[in-house]
Protein chains: 2
Amino acid sequence: MKLYDCLRAPNPRRVRWFMAEKGIDDVEIVTLSIMSGEHKSPEYKAKAGLAHMPALELDDGTVITESVAICRYLESVYPEPNLFGRDPKETAIIEMWLRRTELMVATPIMQGVRHSHPGMAALEAQIPEVAAYNLGGAMRSLKMLDRRLAESAFIATDRVTIADVVAVASIDFGRMIKWRPDPQLVQVNRWFDAMLARPAAKAGMAA
Amino acid sequence: MKLYDCLRAPNPRRVRWFMAEKGIDDVEIVTLSIMSGEHKSPEYKAKAGLAHMPALELDDGTVITESVAICRYLESVYPEPNLFGRDPKETAIIEMWLRRTELMVATPIMQGVRHSHPGMAALEAQIPEVAAYNLGGAMRSLKMLDRRLAESAFIATDRVTIADVVAVASIDFGRMIKWRPDPQLVQVNRWFDAMLARPAAKAGMAA
């Protein structure tokens, strides 16, 4: 298998982080540059279907994009440690938290960065109202996560799951615009520090 | 099991549609009114964790929110017909299309309606720029779906899957603001008409 990856973007980082949690080291990594537009080349778009990164090319030539679809596929090949759930009920609870995290925290932060970071102006017709709306929503959603993390070591359950990986890659991307969880969110900050202290936090980051 | 449901909202409709495709008729339905704020009652929020609908209460008292998490759980109990994939590769392809649909079509349309429909002003501090940005993005994403549907009968594969259910419930929600797929998107309109002609299209809609 071959993973088309790029440095610093939050969705590729999810997959690299996920692979590091599982100790996966036999997938070939092909690094492209988004800023140079390599993900928009005709060759890449023909392969991936869209100018989206990351993409996983299977040995039969099938190409999967979308970070969470890639991670779920990798879980089927490398089942341990488990990050998606061991039975239908646990899988449902993890997916519930994954989706809350994706839709209420990760997507708003990524939209906020895209619509406010000067370096993103080349990728997006930036709208200040869209940035403010999304960053405000993400900060409110972190209060919800803070309540959750007061009752659970990690977001979905008592071990790291895909929900934590999605959340941390996106929240840490907020660094781009100096956006950080409010220090008053004690549980979120406890969890965030613990996640960034894991060896997997360095996977796929620029040297 | 017990499903907390409401009429007309797109996320509850996904679950009702999904259940109808599978012929599930032995889950108790409890209908709440969002416009009357019944999803914000202390009793409901204590159960669901958030003021989100729908919610599935399992027989052991566990409550799952998030439409797709509920549907995946139901698939484990009622496996046929299959809507999430029969093996890891098909599951990955369906999840890729599910996520493209969710993030590029469904979420933008729902944001567009929330930020522009007069009846939603009670639920959301409406921002015209947010509505316009999201509806514009959704219309561009439908062009991508049109290309996909030129090569595939349904969004992810040759049969209806969760990706189609998520897409149709959200696109049809655009009716609220008279938002419709561009008539020039021949494949999207072919697929949309075929989906709305299915018996499941009526599930959970007001009489």
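**Domains of chain A**

Chain A is divided into domain 1 (2–77) and domain 2 (88–199), with bounds that come from an automatic or database domain assignment. Taken over C-alpha atoms, the centres of domain 1 and domain 2 of chain A are 21 Å apart.

**Basis of the model**

This is a predicted model, in which local features need pLDDT of at least 70 and side-chain atom pairs count only at pLDDT 80 or more, while totals for chains, interfaces and linings use all residues. Residues are numbered from 1 along each chain as its sequence is written, and chains are lettered from A and ligands numbered from 1 in the order in which they are written.

**Contact between chains A and B**

Chain B and chain A each bring 27 residues to their contact, where two residues count as touching if their C-beta atoms, placed from the backbone, lie within 7 Å. On the side of chain B that touches chain A, at least two residues come from each of strand S4 (63–65), helix H3 (67–77), helix H4 (88–114) and helix H5 (128–149) of chain B. Helices (H or I, at least four residues) and strands (E, at least two) are DSSP runs, numbered from the N terminus.

The most is given by H4(B), with 11 residues. By class, this side of chain B holds 15 nonpolar, five polar and seven charged residues. Here Ala, Val, Leu, Ile, Met, Phe, Trp, Tyr, Cys and Pro count as nonpolar, Asp, Glu, Lys and Arg as charged, and the others, Gly among them, as polar.
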